[in-house]
Amino acid sequence: MPLSPNLGMTEPISFYHRFHLLTVLKVALIALLLGGTGYLFATNEDLFRNPQLIKSEVLRWGAWGPVGFMALYAFGPSLLVPGAVMTLAAGLAFGTIRGSVYSLVGADLGALVAFAAGRFLGKGFVNKLLSGRFGEVLDKIARNGFQIILYLRVFPIIPYNALNLLAGASPISFKDYFWASMIGMIPGTILFAFLGNELWHPTSPRFLLALALIGLSFLGGEIYRRTRVDRSPA
């Protein structure tokens, strides 16, 4: 009996369609992020430079302001709104304590969203997306995930969302990433919210203290990098 021409072809065709659909979804996700970024730049250029604008917008929402701010923080950095600007705005709008809490919740949500995107896109796609600039960091995350993520959260020398994507594309476990992020973002968030709360009093001792603490934080990160991270085993 003659063999059917389609015999044995179902699996390869099915695999091809799945692979093609996955590629289309990845490209669509990147297009959405880039399109959203372009729209945000075109319509809210000053938002990237002036925390006061974020404060004014959030306070217009009244009782929904904290919820709106946390949602904005969860997705804003994915559209390249600097996280530091968001946290400064939280300090301006809500004060140091509440601003820190709202920023941490929003930042943690955003970190989870971007981590999921990085895991979906995969190592090769993320590396190309970031032009291969952080390949060494990706390798270090693969070797010492919790330690590296914790360090880069406490001392943010890599852009917030780039780190989230890199972590998602790395083999780090979700548990290690989650706890390193949760713990590591606390000091910087509090300091920038404190600075935001004092932003309109640039000659006050509290403002100068906030600047000094942020400076010491980055100095401590550089010392740690030179003494520990750069000497970590390959």
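Predicted model: local features only at pLDDT ≥ 70, side-chain atom pairs only at ≥ 80, totals over all residues.
**Reading a helical model**

Q: How many helices and strands does the protein chain have?
A: The protein chain has 11 helices and 0 strands. Read from the N terminus, its elements run α-α-α-α-α-α-α-α-α-α-α.

Q: Is Met 182 buried, partly exposed or exposed?
A: Buried means under 20% relative accessible area, exposed means over 50%, and partly exposed lies in between (1.4 Å probe, protein chains only). Met 182 has 27% relative accessibility, so Met 182 counts as partly exposed. Across the protein chain, buried residues make up 42% of the 234 residues.

Q: How far apart are the C-alpha atoms of Met 182 and Ala 111?
A: Their C-alpha atoms are 9.5 Å apart, although Met 182 and Ala 111 are separated by 71 residues along the chain. You can read Ser 100 and Phe 192 in this way too: they are 92 residues apart in sequence and 8.3 Å apart in space, C-alpha to C-alpha. Ser 100 sits in helix 5, and Ser 100 is buried because its relative accessible area is 6%.

Q: At what angle do helix 4 and helix 5 pack?
A: Two packed helices are described by the angle between their axes and the distance between the axes. Helix 4 (residues 83-94) and helix 5 (residues 96-121) pack at about 140°, and their axes are 7 Å apart. The axes are lines fitted to C-alpha atoms over the stretch in contact, with angles from 0 to 180 degrees between N-to-C directions. Helix 4 and helix 5 are therefore oblique to each other: under 35 degrees is roughly parallel, over 145 roughly antiparallel, 65 to 115 roughly perpendicular, and the rest oblique.

Q: Which side chain meets that of Arg 206 in a salt bridge?
A: It is the side chain of Glu 198, at 2.9 Å, N to O. A salt bridge needs a side-chain nitrogen of Lys or Arg within 4 Å of a carboxyl oxygen of Asp or Glu. The structure holds 1 salt bridge. Arg 206 is partly exposed because its relative accessibility is 44%, whereas Glu 198 is buried because its value is 7%.

Q: Which residues form a nonpolar patch on the surface?
A: Leu 209, Leu 213, Leu 216, Leu 219 and Ile 223 form the patch, with about 450 Å² of accessible area together. Leu 209 belongs to helix 11 (residues 205-227). With 44% relative accessibility, Leu 209 counts as partly exposed. Patch residues have over 30% relative accessible area and no salt bridge, and nonpolar side chains (Val, Leu, Ile, Met, Phe, Trp, Tyr) are joined within 5 Å, like charges within 9 Å. Accessible areas come from the Shrake-Rupley method with a 1.4 Å probe, and for residues only the protein chains shown count as cover.

Conventions: Residues numbered from 1 in each chain as written. Heavy atoms only, no water. Helix = DSSP H or I, 4+ residues; strand = E, 2+ residues; numbered from the N terminus.
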